[in-house]
Amino acid sequence: DWTPSSIVDDQVALIREQVGSARVICALSGGVDSAVAAALVQKAVGDQLTCVHVDHGLMRAGEVEQIERDFVASTGVRLIVRDEKERFLTALAGVTDPETKRKIIGREFIRVFEDAQRQIIKDAGEAGEDVKFLVQGTLYPDVVESGGGEGAANIKSHHNVGGLPDDLQFELVEPLRALFKDEVRAVGRELGIPEEIVGRQPFPGPGLGIRIIGEVTEHNLDILRRADAIAREELTKAGLDQEIWQCPVVLLADVRSVGVQGDGRTYGHPVVLRPVSSEDAMTADWTRLPYETLAVISTRITNEVREINRVVLDVTSKPPATIEWE
Ligand code: XMP
């Protein structure tokens, strides 16, 4: 029978055996899986591990700080944060097609990661030759779902650490390969990772870049970040975090509608609330959120985010829709 502590013990032993005295790199996305995988490797081989977080500027409010502060504080991991906001915004300028956005974000991510890799090897001097392993937070459902190939149905190009190309020439360390999400969370708690990270709902690798229908600009990101922060705060306050799988907030930057706010006519943007319930994200149902919670979110967003004058609710299951809008 597996318990969180026996999983930790087993994996620590296996990682030590696999890695020996070599060096290891881990891309930290801010999500649960990469955080728990990194913490396990850290426990096993200590400062042979270097984590890299690529800040693509598409994170939600407070997320990068959370990695820098909470995760580093709880694990003592060595973390390199690459501020690459400009690079990503420049690459995304003028792009509205969802698949093109995903491909650009994936491509730039790999470039930055390879850059960081070279830097780590250079900084290691003599020991640079020993940078041999890459940690990935691959879970059991990822293994099963992909059946050997990423995005078998090719509905969307998913980009996360799993999207790194083979020619990075690393041997993979995948300590979560046999686990389901709830087991990963239990292991994370066992390792002392803060609840704010362990309890997080899924968030896509391309971040807010695929939650803006229209162009990804600093301005649109700022609008969406503020609306999203309000929705998340109110869902947490209402105690609904466990009930929902995730609740994307989507900015319809290409759409405008007429409203009346304060003492005049407005011509603003709508945001969509997309609360879903799911077991594994392969299928999902829209969550019947309480009207009171929806009302508070709607009132607050339209009061506090001047650019938004309408809040709409997505009541579609998956299929036929997907969870994210792009
Ligand atoms: P869809 O939109 O395909 O989303 O129904 C299913 C789940 O996957 C997440 N998602 C992603 N996660 N990289 C990720 O790591 C991605 O490119 C990506 N796209 C979607 C989505 O948030 C949902 O949980």
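The axes of helix 1 and helix 2 (residues 32-45) come within 9 Å and cross at roughly 65°. The two helices are therefore roughly perpendicular to each other. Their crossing is right-handed. Keep in mind that this is a predicted model.

Which residues of helix 1 and helix 2 meet? From helix 1 come Val8, Gln11, Val12, Ile15, Arg16 and Val19. From helix 2 come Leu40, Val41, Lys43, Ala44 and Val45. Sort this contact by class and you get eight nonpolar, one polar and two charged residues.

Stay with helix 1, which covers residues 4-19. Helix 7 (residues 181-190) packs against helix 1. Here the angle is about 80°, and the axes are 9 Å apart. That makes helix 1 roughly perpendicular to helix 7. On the helix 1 side, the contact uses Pro4, Ser5, Ile7 and Val8. On the helix 7 side, find Ala186, Val187, Arg189 and Glu190. By class, there are five nonpolar, one polar and two charged residues in this contact. Look again at Val8: this residue of helix 1 takes part in the contact with helix 7 and also in the contact with helix 2.

Next, turn to helix 4 and helix 5. Helix 4 spans residues 85-92, and helix 5 spans residues 98-123. At what angle do their axes cross? The angle is roughly 150°, and the axes come within 10 Å. The crossing is right-handed. Helix 4 brings Arg87, Phe88, Ala91 and Leu92 to the contact. Helix 5 answers with Lys101, Ile104, Ile105 and Glu108. The class count is five nonpolar, no polar and three charged residues.

Now step back to the whole chain. The protein is divided into domain 1 (4-198) and domain 2 (211-313). How far apart do the C-alpha centres of the two domains lie? The distance is 28 Å. The domains do touch: nine residues of domain 1 are in contact with eight residues of domain 2. On the domain 1 side, five of the touching residues are nonpolar, two are polar and two are charged.

Some details of the backbone deserve a look. Start with Ala281, in the loop between strand 9 (276-277) and strand 10 (285-286). Ala281 is not a glycine, yet its phi is positive, at about 70°. Then move to the segment after strand 11 (308-313), where Pro319 is found. A cis peptide bond joins Lys318 to Pro319, with omega at about -15°. Pro320 also has its place in the segment after strand 11. The peptide bond from Pro319 to Pro320 is cis too, and its omega is near 10°.

Finally, how confident is the predictor? The mean pLDDT of the protein is 92. Of its residues, 94% reach 70 or more. Which elements have the lowest and the highest mean pLDDT? Helix 6 (residues 140-146) has the lowest, at 77. Strand 6 (residues 249-251) has the highest, at 99. One stretch calls for care: over residues 148-152, pLDDT stays under 50. For this stretch, the model has eight contacts beyond four places in sequence. For the complex, the predictor gives an ipTM of 0.99 and a pTM of 0.91.

Conventions. Residues are numbered from 1 along each chain as its sequence is written. This is a predicted model: local features need pLDDT of at least 70, side-chain atom pairs count only at pLDDT 80 or more; totals for chains, interfaces and linings use all residues. Axes are lines fitted to C-alpha atoms, for helices over the stretch in contact, and angles run from 0 to 180 degrees between N-to-C directions. Helices (H or I, at least four residues) and strands (E, at least two) are DSSP runs, numbered from the N terminus. A crossing is left-handed if the near helix is turned anticlockwise from the far one by less than a right angle, and right-handed if clockwise. Two residues are in contact if their C-beta atoms, placed from the backbone, lie within 7 Å. Ala, Val, Leu, Ile, Met, Phe, Trp, Tyr, Cys and Pro count as nonpolar, Asp, Glu, Lys and Arg as charged, and the others, Gly among them, as polar. Domain bounds come from an automatic or database domain assignment. pLDDT is the predictor's confidence in each residue, from 0 to 100. Angles under 35 degrees count as roughly parallel, over 145 as roughly antiparallel, 65 to 115 as roughly perpendicular and the rest as oblique.
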